[in-house]
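We will go from stop to stop, selecting as we go.

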Amino acid sequence: MTGPAKIAKPSGMKGEIKMVTSASNPAIKLVRALEDKKHRRETGLFLAEGLRTALAAAEQGRLPKTLIYSDELAEHGKLKPFLARCLNAGVECIMAGRQAMEKISRRDNPQGVIGVYEARLTALDDIPAQTGDCVIGLQMVRDPGNLGTILRTADAVGAAGIVLIDDCCDPFSIEAVRASMGSIFAVRLGKSGFAEFEALCRKRNGQMVGTSLRASQDYRKPDYTKAPTFLLMGNEQAGLPEAYENACDARVRIPMRGTADSLNLAVATAILLYEINRKSL
Ligand code: SAM
C-alpha cells in the first residue's frame, strides 16, 4: 500500500492523522529529498529531527508544515498533546510504520519524530541592537557543526542575531540544525555581504570587533557595554580577509599557550560571547 490510510484521532481534534507504511509515499519522499541542499533551496523547507526539537520550536511559535512520527511513539506522553496542537493548527500529521520510518531515519542518529519546517531568514533591518547587545557576523563559516554550535551559544547568551556573511554553509542542513539543538528556531538569522553588515553596524551606532590571530589587543580589553557589539568571526581555514579586519573598530585576540595555532571557530565565538555578556549574565 502506498497511499495513506486515515486512523482514529483523539476526540476534540480537527485534522486527521494519516498512517503511512510504504517508503514510496510522497511525504516520505519529500523528507528524503530535503536532505539535499538544492531541494531545500527550491522548496524553502528544511528538516528538524526529534521531539525535543519540535517542542522547542513550538515554544517559539513554530509548528511544522508536516510532522512524521513513528507508530512506536504513538502513546508517548509528550507527543500526544503536541500532536493535538499540530492537528488543531492544520499541520499534516503522519504516523509512519517501521519500513517508512527506516527510510527517513538517519542511521547515525535515528529519531522517532521528524518535522518539515519553513526556512526563515530575518532581514538585516529587523535585527535590533541596543547598547550591550551583540550581533555576530560569521564570515564564510563552512562547517555546519560549527554553525549549529554557534547558534546554540548565541541563543544561550541572548545575542541579537547572527548574520552569515559571504558564502557560508547552509544553516538549514540536518547537521547544522541538529548541532543547534533547537536554537535555529530561537535566534534571528540573516544573510548579507560584508558591506551590508558594516552598514547595519554603523546604523545601530555599534562597534565592530574583529577576531584575528594577527591582532595584538587582548579580547578582554574593549568595553563591550557602551555600544552594541558587532562581533566578526572568520573562516575556519583562512580567517578574516584583511580588508574586513581593517574595517573593524577593534581587532582582538584570545591568548594561547602551547602548540595549537588557533582555536576552533565555535569555541572562539563562545569565549567572546561570554566576555561581551560578562556583566549582564
Ligand atoms: N588559519 C586561520 C587564521 O590564520 O586566521 C585560523 C582561523 S580560526 C580556526 C577561525 C576563526 O576563529 C578566526 O578567524 C577567528 O575569528 C577565530 N579564532 C580562532 N582562534 C582565535 C584566537 N586565538 N584569537 C582570536 N580569534 C580566534
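**Stop 1: a loop residue**

Select Ala123, which sits in the loop between strand E6 (113–118) and E7. Keep in mind that this is a predicted model. Is Ala123 buried, partly exposed or exposed? Its relative accessible area is 44%, so Ala123 counts as partly exposed. Ala123 and Gln99 are 24 residues apart in sequence, and their C-alpha atoms are 41 Å apart in space.

**Stop 2: the whole chain**

Zoom out and show the cartoon. The protein chain holds 10 helices and 13 strands. Its C-alpha trace spans about 65 × 35 × 35 Å along the principal axes. The chain has 281 residues, and 49% of them count as buried. Next, think about contacts between residues at least 6 apart in sequence. Of these, 77% join residues at least 24 apart.

**Stop 3: two domains**

Look at where the two colours meet. Here 16 residues of domain 1 are in contact with 11 residues of domain 2. How much area do the domains bury between them? The value is about 1,300 Å², with 61% of it on carbon and sulfur atoms.

Two salt bridges are counted between the domains. Select Glu49 and Arg178 and show their side chains. They meet in a salt bridge, at 3.0 Å from N to O. On the domain 1 side, the elements that give two or more residues to the contact with domain 2 are helix H2 (37–43), strand E3 (45–49) and helix H3 (51–59). Three residue pairs are in polar contact between the domains.

**Stop 4: Ser173**

Select Ser173, in the loop between E8 and H7. Ser173 has a relative accessible area of 7%, so this residue is buried. What does Ser173 touch, leaving out residues up to four places away in sequence? Its partners are Arg40 and Pro144.

**Stop 5: helix H6**

Select residues 144–157, which form helix H6. At 1.5 Å a residue, these 14 residues should span 20 Å. The end C-alpha atoms are 20 Å apart, so the helix agrees with expectation.

Look at the start of H6. A side-chain oxygen of Asp143 comes within 2.7 Å of the backbone nitrogen of Gly145. Then go to the other end. Just after H6, Gly158 has a positive phi of about 70°.

Which residues of H6 are buried? They are Asn146, Leu147, Gly148, Ile150, Leu151, Thr153, Ala154 and Val157. Show what packs against them: strand E7 (134–139), strand E8 (161–165), helix H7 (174–180), strand E9 (189–192) and helix H10 (265–276). Count along the helix as you look. An α-helix has 3.6 residues a turn, so residues three or four places apart point the same way.

**Stop 6: helix H10**

Move on to H10, which has 12 residues. From first C-alpha to last, H10 reaches 16 Å, close to the 16 Å expected at 1.5 Å a residue. At its start, a side-chain oxygen of Asn264 reaches to within 2.8 Å of the backbone nitrogen of Ala266.

Show the buried residues of H10: Leu265, Ala266, Ala268, Thr269, Leu272, Leu273, Glu275 and Ile276. Their cover includes E7, H6, strand E10 (207–211), strand E12 (229–233) and strand E13 (250–253).

Technical notes: Residues are numbered from 1 along each chain as its sequence is written. This is a predicted model: local features need pLDDT of at least 70, side-chain atom pairs count only at pLDDT 80 or more; totals for chains, interfaces and linings use all residues. Side-chain values use heavy atoms; hydrogens and water are left out. Helices (H or I, at least four residues) and strands (E, at least two) are DSSP runs, numbered from the N terminus. The expected span of a helix is 1.5 Å times one less than its number of residues. Buried means under 20% relative accessible area, exposed over 50%, partly exposed in between (1.4 Å probe, protein chains only). Contact means heavy atoms within 4.5 Å. A polar contact is a pair of N or O atoms within 3.5 Å; within protein, one must be able to donate a hydrogen and the other to accept it, and residues adjacent in sequence count only if both atoms are side-chain atoms. Buried area is the accessible area (1.4 Å probe) that two parts lose on being put together, summed over both. A salt bridge is a side-chain nitrogen of Lys or Arg within 4 Å of a carboxyl oxygen of Asp or Glu.
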